Amino acid sequence: MSHVFISYSRQDEEKADQMESRLRRACISAYIDQGSIDAGDEWKRSIDKAIASSFAVVVICTSNSINSLEVVFEWSYAMGIGIPVVPVVYEDSLTLHTRLSSLQSIEFIEKKPWSDLVNQLSHLKSAKTRPVGIYESGISAIYYSREALTDRFRIETILDNIKANTELLVVARSCEAWARQYVEMERAISNRAVSIKLAMVNPELPPEQWMIKGDWAVLDVQSTVAKLNKIAIGENSNGSIELHILPNSPPISFVSYETEECKMGIVELGANLALEERVCIVIRDENASSLLLERLIKVYRGILSSGELLFSKGSKNNATQ
């Protein structure tokens, strides 16, 4: 149950696309059907499967959708198999079906309270996937491999969604994967004044403390610096980038950043394990209430400051969150 299903009339496709985009920016995956009733039984089976595998169904309620047989089928099917349904009302004086009107709805009439929708969906997802109590800590997902994590949190996606005038903190054994996205980092730094702080292992540490051989470690640092050197920061930007070399190898990697909707933290346990054996924990903090994320950021800023500054470019006085 990794996504929310958006039910809508084809005449409201623009609203559905906007909702999918906003939810994606809030790190909530959304499924939008792009098919047609003319596709027959195969189409219906795919819709059934998408609804059954969702943790909630959001119904875009307009005068178009309340008369749509497809939309009625989708939300009624969801109710029938126990999937929560969230009506989002776009029009005033709209008469909903009795079963929909009995549910807690969100009004998008005079304004669009996206945070209300995100909060409700996050709560529904937590109720489906985690024990009671974890939600309050901010933990929103646990992945049991690096591949499963990167399906949702690609580096370029993080850089594209990061909020202007904030900090991106990365502490890991290697920052080569981040350096390969130097074009996206340049955009975030120059266009949105993002302060990027990277920290990686000292290649002179004994090989057994590295995930790769010592000679490769040296090349890894050289390659990372070479890519970061390609970043050109605009003259008027307050953004910056730093690379720190750590005196010790962190067994737990950490990434933190902020989007328009929330603060995010990603913890990866088992840096000395194979990628498919690592445990990755995603933390969301929408209301500055996650003590766990706050403490982790404090800990890893301390780890970063313990290292030696190897590379820096851009403003050294950039204000961070």
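What is the order of the five strands in the open sheet, and is the pairing parallel or antiparallel? The order is E2-E1-E3-E4-E5, and the pairing is parallel. The edges are strand E2 (29–32) and strand E5 (106–107), each of which pairs on one side only. Strands pair if DSSP finds at least two bridges between them. Strands (E, at least two residues) and helices (H or I, at least four) are DSSP runs, numbered from the N terminus.

This is a predicted model, in which local features need pLDDT of at least 70, side-chain atom pairs count only at pLDDT 80 or more, and totals for chains, interfaces and linings use all residues. Residues are numbered from 1 along each chain as its sequence is written, and side-chain values use heavy atoms, with hydrogens and water left out.

**Inside the sheet**

Strand E1 (residues 3–7) runs parallel to E2, and four bridges join them. Ile6 has Ile32 in E2 as its bridge partner. Strands of a sheet pair through backbone hydrogen bonds, either parallel or antiparallel.

**Salt bridges**

A salt bridge here is a side-chain nitrogen of Lys or Arg within 4 Å of a carboxyl oxygen of Asp or Glu. The count by this rule is eight. Among them are these:

| Salt bridge | N to O distance |
|---|---|
| Lys163 – Glu258 | 3.6 Å |
| Arg301 – Glu167 | 3.0 Å |
| Arg278 – Glu268 | 3.0 Å |

Start with the salt bridge between Lys163 and Glu258. The two residues are 95 residues apart and link distant parts of the chain. Lys163 sits in the loop between helix H8 (155–161) and strand E7 (167–171), while Glu258 belongs to strand E10 (residues 252–258). Buried means under 20% relative accessible area, exposed means over 50%, and partly exposed is in between (1.4 Å probe, protein chains only). Lys163 counts as partly exposed because its relative accessibility is 28%. Glu258 is buried, with a relative accessible area of 13%.

Next comes the salt bridge of Arg301 with Glu167. Here 134 residues separate the partners: Arg301 is in helix H12 (residues 291–305) and Glu167 in strand E7. Arg301 has 33% relative accessibility, so Arg301 counts as partly exposed. Glu167 is buried at 2%.

Arg278 lies in the loop between E11 and E12, and Glu268 in strand E11, ten residues apart. Both Arg278 and Glu268 are buried. Together with Arg146, Glu268 and Arg278 form a network of salt bridges.

**A negative surface patch**

Which residues gather in a patch of negative charge on the surface? They are Glu147, Asp151, Glu276 and Glu277. Patch residues have over 30% relative accessible area and no salt bridge; like charges are joined within 9 Å, and nonpolar side chains (Val, Leu, Ile, Met, Phe, Trp, Tyr) within 5 Å. Glu276 is in the loop between strand E11 (263–269) and strand E12 (279–285). Its relative accessibility is 58%, so Glu276 counts as exposed.

**Positive phi outside glycine**

Ser93 is not a glycine, yet its phi is positive, near 60°. Ser93 falls in the loop between strand E4 (85–89) and helix H4 (98–101). At 69% relative accessibility, Ser93 is exposed.

Ala193 also has a positive phi without being a glycine, at about 55°. The loop that holds Ala193 runs between helix H10 (182–192) and strand E8 (195–201). Is Ala193 buried or exposed? Ala193 counts as buried, because its relative accessibility is 11%.

Definitions and conventions
Areas by Shrake-Rupley, 256 points an atom, 1.4 Å probe, with all protein chains shown as cover. Lys, Arg positive; Asp, Glu negative; His and termini not counted. Charge placed at Lys NZ, Arg CZ, Asp CG, Glu CD.
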